[in-house]
Amino acid sequence: ADAELLPPLCNPAILDSAADLTTLSYLHEPAVLYNLRRRYERHDIYTYSGVVLVAMNPFSPVALYGADEMARYARSSGAGGAATADPHLFAIAENAYRGMVNNSRNQTIIVYGESGSGKTTSAKYIMRYFAQAHHADANDVQMSTVENQILATNPVFESFGNAKTTRNDNSSRFGKFLDIKFERQRQRIVGGRIRTFLLERSRVVYQPPTERNYHIFYQLLAGADASLRAELHLDGEFATCGAFHYTSQGGPGSAAIAGVDDAADFAVTAASLDTVGISSSQRGDIWRTLAGILHLGNVSFSGTESTGSFVSPESEAPFAIAAALLGVGDAKLRQWLTKRQIVTRHDHILARVNRTQALVIRDSIAKFVYSRLFDWILGPINASLLPRAVDESQTSFVGVLDIYGFEHFEHNSFEQFCINYANEKLQQNFNHHVFKLEQDEYQREQLASWTFIGFQDNQPCIDLIEGKPIGILALLDEESRLEQGSDRTFTEKLYRQFAEQQQSIASAGYFRKPRFSNTAFTIRHYAHDVTYEGDGFLEKNKDTVPDEILDLLCASSFEFVGSLVSASAVPAKSTDGAAKSTDGAAKGTTPEWGSPQQTAAKVAAPTPKATAQLQRRQAPTLTGVFKRSLAGLLSTLAETEMHYIRCIKPNEAKQAWLFEAPMVLSQLRSCGVIETIRISKAGYPSRVPIRTFNERYAVLLGDSIALPATSSDTVSAEEHDICRLILETCLPDRGQYQVGLTKVFFRAGQWAIMEKKRSFLFESSAVVMQKHCRGALVRRSYHIMIAAARTIQRWYRRRLFARKLELL
């Protein structure tokens, strides 16, 4: 009978537009989408899903981040804290801050979502909250130098690491982890450290239609003054982004972004670089390096297979400019762009390269120099954010992780593979965290009988990728080190290892070979099956520059470029700059950084011969670097208390307040929100405080129960007894609920039944009241009508009697 009281897909009216999805009595995808849509239509862009904050991108300015909002959440430390306030980024930030202060435990806020979902903006507001929200506590409205520097890192990394894509005009093409360090005694910001992950190097040399290269190139071309343009040869025919191959591949009109002034942004970037400790001379070195990359991209080649390649006559001018800006000799650069050296046991042989190979070498130089520059920028920034005077042992930190979401496009390559591998690891971390919180809640409330909740573990997919004992990453690294290795042989090994041995491996069903391709492979990820094109995997994984080019750059007369290349010649165990800083940070040490000259000195500036030998012997693959960086990140996360923000892009057109349900649902699945709900649904998803429950549902027992008056926060035994009596009366199946110390836990749908019975009682009572009221009104009306009729009758009879008398 209870099942007939409420349609199975409909939650009661009390839960309409609920601020927390897990409070919905019926937990399923339609109810979740309906609730999010209702809130989005009301311009409520934030909704909780248990421990996760779901943030819907409004694609429109909203007045939610001002000083008043900050103060409101900063003052919500009592009576449940920010958790009792409306869902908001600032509520998550305040909970993390209070967790660090009250529990003396480091915190991490993980901001996650696909391109265009608003994760970079969300991370920016969180950083601003930490820098500004609690100044009122110390009657100090001025931010410190370190706080200003932390905020200044945003425009720097947006310029050097963000780009316009088809999905987002300001898409982050790298992952970033910032830990903001607070002094334990005064809870004031005293420092910070930034780590980066997996910069999209290929974007430097190639952009799909309608997309842009990294913002900094366009800012430099738009904002450089006349003297800087003349110095960098960015005037005359080279004055616009259309004059360079590396900034014009997106097609006509791709360079413009609505509402963005690249010249003004260049001034902001330069000022931010100054704020974070990069001097004027160092900024000049950066601009020169960027200009050298741009001119290098304009170098083209001619030639045939038999004669080999040579620099095209029409590109001699940009070739000479690029060589001069990078500080390398024309003859040497020309030689190693068009020839390669084969080392035998007894001799060195020069071999010609064809035009395609020469272009690959040119692009590898550009990618290498830019990635080294991006890593180098971290050095001065971290040195400024974390001065030597700061004693890290006396600090706690709140980390903000801004990382790419799960990616699934029509054509997926090496970059999507690495991104989705990182998401598999983070999703596993997330599942374990949510699962543990769910179990801890049951144990804390001392539920009488319950079983551990199971959840979908993606470990088989991770084993397929990481390899225990052998996986895709191991096979890729192995093939990358073979002289005759190719993308085709790599995919063939995958087919033999996984597709043909499905019955004998633990990851059976997670790998398959597409029916109509011999170079692609499909992996069943937690969010979606993704087919990867194997073409280009080996080249991107090796991402190496010929040893002769490394020697040439290392001996550059431009000391800045020489220091960049020398700093990269480190043992494989230390990996490159990004991974090096990651590992150091994970161990609690800070890399020492200074000027490019100091950096080069610290690395001891190896000779060209030593550099070449070191690179040949120990050059790490990109997946090896990324895997170690990811391991360091996960190790850091494991030692902190985590908070989750899942950013959602509600429509593809980036139209304000437009909600496309299929697109939202896909992202909810891929970012783990649906899995959170599934874990909650498997246990007791609906929870109500006992006192609130009694006050709301005691009416179901009639007038026989009087609620005890109490001002204590502790739930008394009498209140427990009343709660159990209500439950036993309304829900005969005791397996559908549990009574804890302070809360009542319901299985899915049971709270809706309680709410429906309460509504039915009120409706029945209302009907009885209406019946009596209507009866009284009708009786009153009837008596008035009878009285009126009698009055009419008396008047009529009198008149009739009078007429009869007149006739007599």
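This is a predicted model: local features need pLDDT of at least 70, side-chain atom pairs count only at pLDDT 80 or more; totals for chains, interfaces and linings use all residues.
Lys649 belongs to the loop between strand β16 (641–648) and helix α24 (661–670).

**Close-up of the surroundings of Lys649.** The side chain of Lys649 reaches the backbone oxygen of Arg167 at 2.7 Å, and Arg167 is also one of the residues in contact with Lys649 once neighbours within four places in sequence are left aside.

Rolling a probe the size of a water molecule over the atoms shows where empty space is left. The count comes to six cavities of 30 Å³ or more, and the second largest cavity has a volume of about 120 Å³.

**Close-up of the lining of the second largest cavity.** The residues that line this cavity include Leu198, Leu199, Glu200, Arg201 and Ser202, as well as Lys367, Lys540, Asp543 and Leu622. Helix α13 (residues 414–444) gives the most to the lining, with three residues; Phe414, Glu415 and Cys418 are also among the lining residues. By residue type, the lining divides into five nonpolar, one polar and six charged residues.

**The protein around these views.** The protein has 28 helices and 19 strands, and 53% of its 808 residues count as buried. Among contacts between residues at least 6 apart in sequence, 70% join residues at least 24 apart.

Conventions
Residues are numbered from 1 along each chain as its sequence is written. Side-chain values use heavy atoms; hydrogens and water are left out. Helices (H or I, at least four residues) and strands (E, at least two) are DSSP runs, numbered from the N terminus. Buried means under 20% relative accessible area, exposed over 50%, partly exposed in between (1.4 Å probe, protein chains only). Contact means heavy atoms within 4.5 Å. On a 1 Å grid over the protein atoms alone, a cavity is a set of points where a 1.4 Å probe fits but cannot get out, and a pocket is an open set with protein on both sides within 12 Å along at least five of seven lines; lining residues have an atom within 4 Å of a point. Grid points are joined across faces, edges and corners, and a volume is the space filled by probe spheres set on the points. Ala, Val, Leu, Ile, Met, Phe, Trp, Tyr, Cys and Pro count as nonpolar, Asp, Glu, Lys and Arg as charged, and the others, Gly among them, as polar. A polar contact is a pair of N or O atoms within 3.5 Å; within protein, one must be able to donate a hydrogen and the other to accept it, and residues adjacent in sequence count only if both atoms are side-chain atoms.
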